[in-house]
Amino acid sequence: MEFWCPGVWYGADRLIAQLLPRLLTNRKPQLSRPANFLAMAVIWELDFYSRPILDADQKKVWEILICESPTDSRADWQSLFRYSKYCSNSEVNSVTLMQAIEEAIAEAGQAPSRIRFFRQAMKNMIVKACQDAELPCALSHRTHAIKDWIADRLETVYPQEPGYQATAQTAGVFMPPPAAQPLPDALLGQKWAFVSLEASAFGELHEWAIDFGEAFPLSMVNLAPDTPVPGLLIFSPRAMAISAWMSGLEMGFVRIEQQVKPSSLSSDREEFPDRVILETGIGDAWVLSTLPNAAQKAEGQTFEAQKQGAQGVHFLAVQTNPDEERFAGFWLMRDRRDS
């Protein structure tokens, strides 16, 4: 197997031999300063939606859930701050939500730096409540903790409530993938490569030299130690600029998009190059590169297969070059479009 970069091919032995000694042996690079994602201010995740419970008037019961987002790979995510509050149908408004946010801040003893949420249908109400609470907020795929909490409550909490209705309900709603736009020219990587690391390697993630990025504890996923976790490495002399730009986005996940479009000249179907897509926020997507030949498409398919085998877990890393002793950017990600 080979790892392809635009204009350059890296053999697996060569690339992994360069990567692993820096990350997995006692010769790990020393941090010249703490990695940004380890020093991040507190981020909260929020959900405000109806639950499978009816009140005495046979109206849907709504619930506000708030929890701290685990941004450190070492975090005990189930012990982080949580807040919950049921609401009647008549209380579903931005004022109720703002008051709940203020109650949560009082309980936590500190305000978050920002709030993430995943339900587009509730965007206007959540944005208004956060604005009134003077807190920035954003739609985000990085709402793993609250999605897992909702899934747990669907099994263990709501069935115990009076008025519970045993109906199928999921934590999220399927949305078609957004149309991808090209990256700004100044942020294009010169080379890139598909790689993979065993899940056990990320136990030392907090010791890696990283300038920008974010992680989460793999204990949330319970992967076997030898599970291959795929990743995409981007190499560019503008690595810091690319990473700084990415750090201002809600980094979601990387996916391979297969392009098949009908030919305008005949009834035959004309095949177009597959594309490497970065999804950010919810509804934004960027073309990182294309996979114009069969070998590169096969690498993309392997990336997707390994991602599925790792329950959606993968990573995106940015370096100046393959010999660099640190990452300008490193994001641990999880593609969970099915939840």
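**Charged and aromatic side-chain contacts**

A salt bridge joins Asp-47 to Arg-119, with 2.6 Å between the closest N and O atoms. The model is a predicted one. Asp-47 belongs to strand S3, while Arg-119 sits in the loop between strand S6 (114-117) and helix H3 (123-132), so this pair links distant parts of the chain, 72 residues apart. Both Asp-47 and Arg-119 are buried. The contact is part of a network of salt bridges that links Asp-47, Arg-51, Glu-63, Arg-119 and Arg-153. Arg-119 also lies over the face of Tyr-49, 3.9 Å from the ring centre. Another charge over a ring is that of Lys-147, which lies over the face of Phe-118 at 5.1 Å from the ring centre.

The count of salt bridges comes to 19. Among them is the one between Arg-326 and Asp-211, whose closest N and O atoms are 3.0 Å apart. Arg-326 is in the loop between strand S17 (313-319) and S18, and Asp-211 is in strand S10, so the bridge ties together parts that are 115 residues apart in sequence. Arg-326 has a relative accessibility of 17% and therefore counts as buried; Asp-211, at 7%, is buried as well. Arg-337 and Asp-335 form a further salt bridge, with the closest N and O atoms 2.6 Å apart. Here Arg-337 counts as partly exposed because its relative accessibility is 38%, whereas Asp-335, at 11%, counts as buried.

The aromatic side chains come next. In the whole structure, 13 aromatic pairs are found. The ring centres of Trp-44 and Phe-81 are 5.3 Å apart and the planes meet at 20°, so this pair is stacked. Trp-44 lies in strand S3 (residues 43-54) and Phe-81 in the loop between strand S4 (60-68) and strand S5 (82-87), so the contact ties together parts 37 residues apart in sequence. Trp-44 is buried at 1% relative accessibility, and Phe-81 is buried with a relative accessible area of 17%.

The rings of Trp-208 and Phe-327 have centres 6.2 Å apart and planes at 40°, so they count as tilted. This pair also links distant parts of the chain: Trp-208 is in the loop between strand S9 (191-198) and strand S10 (210-214), and Phe-327 is in strand S18 (residues 327-334), 119 residues apart. Trp-208 and Phe-327 are both buried. They belong to one aromatic cluster, formed by Phe-202, Trp-208, Phe-315, Phe-327 and Phe-330.

Key. Residues are numbered from 1 along each chain as its sequence is written. This is a predicted model: local features need pLDDT of at least 70, side-chain atom pairs count only at pLDDT 80 or more; totals for chains, interfaces and linings use all residues. Side-chain values use heavy atoms; hydrogens and water are left out. Rings of Phe, Tyr and Trp (its six-membered ring) pair if their centres lie within 6.5 Å; planes under 30 degrees apart count as stacked, over 60 as edge-to-face and the rest as tilted. Helices (H or I, at least four residues) and strands (E, at least two) are DSSP runs, numbered from the N terminus. Buried means under 20% relative accessible area, exposed over 50%, partly exposed in between (1.4 Å probe, protein chains only). A charge sits over a ring if NZ of Lys or CZ of Arg is within 6 Å of the ring centre and within 35 degrees of the ring normal. A salt bridge is a side-chain nitrogen of Lys or Arg within 4 Å of a carboxyl oxygen of Asp or Glu.
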